[in-house]
Amino acid sequence: MKNFLRLISAGMLIMLLSPVSAQKFSKDKPITIENLAPDNVWQIVEKTLKEKEFGVGKFIPNENKLYSGWIEWTSIAIKNRGILLFTYESPILTLQMADRGYETKKGWEETIGSLSKKNYDEYLQSVADRITEINSSAAETKKAIQNSELIHAFKPVNTVGEITLTLLKTSSDKSKTTLEFSVKNNATYAVTIFLPVAEVAKNIKGIGSEYVETKFSRPADVANKAIFQPGETLGVTFEYGYEWQLTTMPFFHVRIMGTNVEGKWYELNMYQIPMNDYVFKPEEN
């Protein structure tokens, strides 16, 4: 009798672990989140996915869709996976699980069904709750916007290596565009800063620069090069000649050699720089 019971138990276990008998459920109920503004919805979702370490997958802005990366978990010794799908119709964001699957010896097979309550709460409800939290906090929303890699925002203060660059002023007219920076050495040792010709967006009509000039607030040690002492701050100005006036510079790029070891470069990228006589205000940053 005992041997018979063991055989039954072993047979049930094999059935549970067999790919062909993997449990299937009905579809999961989508979650809707209201009062999300179109200007920051995707940045908030992106921040949430990164915090949860779910990853950011395909973003289709013209369809108002964003996918997470693959999320994997194990249920009854079987590997499962799925992707979070976010769709937006102002002001409502909808979240649901897409592309459910389980692993077999032949690869991944489609799962038709819903998650357990535990997994639903972990992979859907907790994401929705965090999105609501961020959206309810002005400070958290600001961080989401400033740190987004999906939708680049203007950030006037940027640190690369030992160097902090703060954009102080901009101006743009029919003769030139000017960007004025404050550049500070945060290191405890002297730092050589070499600023070669900076690049701006190539796809804007009229940006084909007639000239690009870099100026330090004191005489450079070598052309486009200065040695900053520990804690020293210098002014750096970039001037561009072009054909017409900009209201926004969508992209600015400069390479900086900013260490005491020759040959180590840092990259600074800035986006959506306002050009209508912008002036830096510390209290707003």
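Helices here are DSSP runs of H or I with at least four residues, strands are runs of E with at least two, and both are numbered from the N terminus. One caveat before I start: this is a predicted model.

I'll begin with backbone geometry. Most residues other than glycine have a negative phi, and most peptide bonds are trans.

Take Asn35, which sits in the loop between strand S1, residues 31-33, and helix H2. Its phi is near 65°, a positive value, and Asn35 is not a glycine. Is Asn35 buried or exposed? Asn35 is exposed, at a relative accessible area of 60%, and the cut-off for exposed is over 50%.

At Glu53, phi is near 60°, again positive in a residue other than glycine. Glu53 belongs to the loop between H2 and strand S2, residues 56-60. With a relative accessible area of 71%, Glu53 is exposed.

Then the cis bond. The peptide bond running from Ser90 to Pro91 is cis, and its omega is near 5°. Pro91 falls in the loop joining strand S5, 78-89, and strand S6, 92-104.

Next, helix packing. Two packed helices are described by the angle between their axes and the distance between the axes. For H2, residues 41-52, and H3, residues 117-135, the angle is about 130° and the axes are 9 Å apart. That angle makes H2 oblique to H3. The crossing of these two helices is right-handed.

Which residues meet there? From H2 we have Ile44, Val45, Lys47, Thr48, Glu51 and Lys52, and from H3 we have Ser126, Val127, Arg130, Ile131, Ile134 and Asn135. Sorted by class, the contact has five nonpolar, three polar and four charged residues.

Last, the cores. The largest nonpolar core has 30 residues, and Phe181 and Phe252 have the most contacts inside it. Which elements give two or more residues to this core? They are strands S9 (163-172), S10 (177-185), S11 (191-194), S14 (225-228), S15 (233-240), S16 (248-256) and S17 (266-274).

Looking at Phe181, and leaving out residues up to four places away in sequence, it touches Leu165, Thr166, Leu167 and Leu168, then Leu234, Gly235, Val236 and Phe238, and also Phe252 and Met270. So much for Phe181.

Technical notes
Residues are numbered from 1 along each chain as its sequence is written. This is a predicted model: local features need pLDDT of at least 70, side-chain atom pairs count only at pLDDT 80 or more; totals for chains, interfaces and linings use all residues. Side-chain values use heavy atoms; hydrogens and water are left out. A nonpolar core is a set of buried Ala, Val, Leu, Ile, Met, Phe, Trp, Tyr and Cys residues joined through side-chain atoms within 4.5 Å. Buried means under 20% relative accessible area, exposed over 50%, partly exposed in between (1.4 Å probe, protein chains only). Contact means heavy atoms within 4.5 Å. Axes are lines fitted to C-alpha atoms, for helices over the stretch in contact, and angles run from 0 to 180 degrees between N-to-C directions. Angles under 35 degrees count as roughly parallel, over 145 as roughly antiparallel, 65 to 115 as roughly perpendicular and the rest as oblique. A crossing is left-handed if the near helix is turned anticlockwise from the far one by less than a right angle, and right-handed if clockwise. Ala, Val, Leu, Ile, Met, Phe, Trp, Tyr, Cys and Pro count as nonpolar, Asp, Glu, Lys and Arg as charged, and the others, Gly among them, as polar.
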